[in-house]
Amino acid sequence: VKRKCVEFLSAVLDRTNAELLILSVNFLKKLSIFEENKNRMVEAGVVPKLVKFIPCSNKALMQSVCRLLLNLSFDGNLRDQMVKSSLIPKMVDLLKHAPFRQISLKILYHLSMDDRCKSMFTYTDSIPITMQLLVNFLNSKIPIELVALTINLSHNARNAELLCKDGGLKKLFHRVLRYRDVLLMKVLRNV
C-alpha cells in the first residue's frame with residue numbers, strides 16, 4: 001500500500017499490450033485479498049477499467065479479469081460499481097461459453113445477492129440460460145453456484161414467473177425424479 005502498487009497497476013490497465021495487462025491483472029488479484037489494497041482499488045476506479053475487457057479477443061486476459069472481479073465481488077461497494085458498469089449482461093453472455101461458465105456463475109451469484117439487482121437479471125438471457133443449465137446438467141449433482149444463483153433470482157416475482165414459464169417448473173420436477181434414484185442409491189451406500 002505504501003509503495004502505491006495498486007495505483008501503478010491500475011494505470012497499466014489503460015494500456016493495450018495483452019501480456020502486460022495479464023501480468024497487471026494477476027498482480028492486482030493477488031493484492032486484492034488484503035482489505036487495504038481492495039480499498040485502494042475502489043479509489044483507483046479499477047472496476048470500470050476491468051469491465052471493458054469483457055469480452056475481448058484474449059481468453060487468458062478475460063480469465064484473469066474474471067478472477068479479479070470475483071475477488072472484488074465480495075465487497076458490496078464494488079458490486080455496485082460492477083452493476084453500474086453493466087457487468088450483469090456481459091457475465092450472462094459469458095455463461096454461453098463453457099470455459100467461462102463456472103466463474104461467471106460465481107460472479108453472477110454475488111451480484112444477485114443484492115435485492116435491487118435481482119430485477120436487472122429479468123432483462124437479460126440469464127433465466128433461460130440458467131434453466132437450460134439446470135434441467136440439462138449431465139451429472140446428478142448440480143454445481144452449487146448454479147443452484148444458489150437460481151434461488152436468488154427466484155426471490156424476484158418477475159424472475160420467478162420467467163423460471164416457471166414454458167413448463168420450467170415441470171422440467172425441474174422431471175429432473176428431480178430422473179436423478180432421485182441415483183441420489184437414493186448413493187445415500188444407501190453410505191449408510
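Helices here are DSSP runs of H or I with at least four residues, strands are runs of E with at least two, and both are numbered from the N terminus. The structure is a predicted model, in which local features require pLDDT of at least 70, side-chain atom pairs count only at pLDDT 80 or more, and totals for chains, interfaces and linings use all residues. Residues are numbered from 1 along each chain as its sequence is written, and side-chain values use heavy atoms, with hydrogens and water left out.

The protein chain contains 13 helices and 0 strands. Of its 191 residues, 43% count as buried. The C-alpha trace spans about 60 × 40 × 30 Å along its principal axes. The chain exposes about 11000 Å², of which carbon and sulfur atoms supply 58%; accessible areas come from the Shrake-Rupley method with a 1.4 Å probe, and for residues only the protein chains shown count as cover. Among contacts (heavy atoms within 4.5 Å) between residues at least 6 apart in sequence, 69% join residues at least 24 apart.

Helix packing was examined next. Two packed helices are described by the angle between their axes and the distance between the axes. Axes are lines fitted to C-alpha atoms, for helices over the stretch in contact, and angles run from 0 to 180 degrees between N-to-C directions. Helix α2 (residues 18–31) packs on helix α5 (residues 59–72) at an angle of about 20°, the axes being 9 Å apart. The two helices, α2 and α5, are therefore roughly parallel to each other, given that angles under 35 degrees count as roughly parallel, over 145 as roughly antiparallel, 65 to 115 as roughly perpendicular and the rest as oblique. The crossing of α2 past α5 is left-handed; a crossing is left-handed if the near helix is turned anticlockwise from the far one by less than a right angle, and right-handed if clockwise. On the α2 side the contact involves L21, I22, V25, N26, L28 and K29, and on the α5 side A60, L61, S64, V65, R67, L68 and N71. By class, these contact residues of α2 and α5 comprise 8 nonpolar, 3 polar and 2 charged, with Ala, Val, Leu, Ile, Met, Phe, Trp, Tyr, Cys and Pro counted as nonpolar, Asp, Glu, Lys and Arg as charged, and the others, Gly among them, as polar.

Helix α1 (residues 5–12) and helix α3 (residues 35–44) pack at about 45°, with axes 9 Å apart. That angle makes α1 oblique to α3. The crossing of α1 past α3 is right-handed. V6, E7 and S10 of α1 make the contact with N37, R40, M41 and A44 of α3, a set that divides into 3 nonpolar, 2 polar and 2 charged residues.

Between helix α11 (residues 144–154) and helix α12 (residues 157–164) the packing angle is about 120° and the axes are 7 Å apart. α11 and α12 are therefore oblique to each other.

Individual residues were then considered. M82 lies in helix α6 (residues 76–84) and is buried, with a relative accessible area of 0%. Apart from neighbours within four places in sequence, M82 is in contact with V47, L69, L72, S73, L87 and L111. The C-alpha atoms of M82 and V47 are separated by 6.3 Å, although these residues are 35 residues apart along the chain.

Most residues other than glycine have a negative phi, and most peptide bonds are trans. The peptide bond from I54 to P55 is cis, with omega near -10°, and P55 lies in the loop between α4 (46–51) and α5. S86, which is not a glycine, has a positive phi of about 60°. This serine, S86, is placed in the loop between α6 and α7 (87–94) and counts as partly exposed at 40% relative accessibility. D166 likewise has a positive phi, near 55°. D166 is located in the loop between α12 and α13 (168–190) and is exposed, with a relative accessible area of 64%.

Key. Buried means under 20% relative accessible area, exposed over 50%, partly exposed in between (1.4 Å probe, protein chains only).
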